[in-house]
Amino acid sequence: MIKKRNRTRPVLPLQERLNKFTQEARAAAKKLPAGTERHTLLQKARDGEAASEMERWLSSHDLQSPK
C-alpha cells in the first residue's frame, strides 16, 4: 500500500503570511535593546518585505513570459 502525503493548504495566502511575519518581527525588534538579536530580527523583516515584493511581482498580470 502506498502511503499518501498529508497535503493541507495554508489558511492564509502567501502575501498575508509574509506581511504578518514582517509585522511580528518588527514588533519583536522594537522590544529589544540595540544588539545582535535586534539586528537579526530587523534583517528578517527586510527579507520578508523583499519576498513579499517578489511574490507580488511574480503574480502580477503584467508579467510577460520570456521570448
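Me: How many salt bridges does a search of the whole structure find?

Reply: Two. A salt bridge here is a side-chain nitrogen of Lys or Arg within 4 Å of a carboxyl oxygen of Asp or Glu.

Me: What kind of model is it?

Reply: A predicted one: local features need pLDDT of at least 70, side-chain atom pairs count only at pLDDT 80 or more, and totals for chains, interfaces and linings use all residues. Residues are numbered from 1 along each chain as its sequence is written, and side-chain values use heavy atoms, with hydrogens and water left out.

Me: OK. Which residue does Glu49 form a salt bridge with?

Reply: Arg26. The closest N and O atoms of Glu49 and Arg26 are 3.0 Å apart.

Me: Where do the two partners, Glu49 and Arg26, lie?

Reply: Glu49 lies in helix H2 and Arg26 in helix H1, so the pair ties together parts that are 23 residues apart in sequence. Helices are DSSP runs of H or I with at least four residues, strands are runs of E with at least two, and both are numbered from the N terminus.

Me: Step back a bit. What does the secondary structure come to?

Reply: Two helices and zero strands. H1 covers 14-30. H2 covers residues 36-58.

Me: How many residues does H2 have, and what does it reach?

Reply: H2 has 23 residues. It reaches 33 Å from its first C-alpha to its last, close to the 33 Å expected at 1.5 Å a residue. The expected span is 1.5 Å times one less than the number of residues.

Me: Which residues of H2 are buried?

Reply: Leu41, Ala45, Gly48 and Ser52. The buried residues of H2 pack against helix H1.

Me: Let's look from the H1 side. Thr22: buried or exposed?

Reply: Buried, with a relative accessible area of 7%. Thr22 lies in helix H1.

Me: What is Thr22 in contact with?

Reply: Ala45, Gly48 and Glu49, leaving aside neighbours within four places in sequence. Contact means heavy atoms within 4.5 Å. Ala45 and Gly48 are among the buried residues of H2. Glu49 is the residue that forms a salt bridge with Arg26.

Me: And Gln15, where does it lie?

Reply: In helix H1. Gln15 counts as buried, at 18% relative accessibility. Leaving aside its neighbours within four places in sequence, Gln15 is in contact with Ser52, Glu55 and Arg56. Ser52 is buried, whereas Arg56 is partly exposed.

Me: Met54: buried or exposed?

Reply: Exposed, because its relative accessibility is 51%. Met54 is found in helix H2.

Me: What share of the whole protein counts as buried?

Reply: 13% of the 67 residues.

Me: Last one. What does the C-alpha trace span along its principal axes?

Reply: About 50 × 45 × 20 Å.

Methods: Buried means under 20% relative accessible area, exposed over 50%, partly exposed in between (1.4 Å probe, protein chains only).
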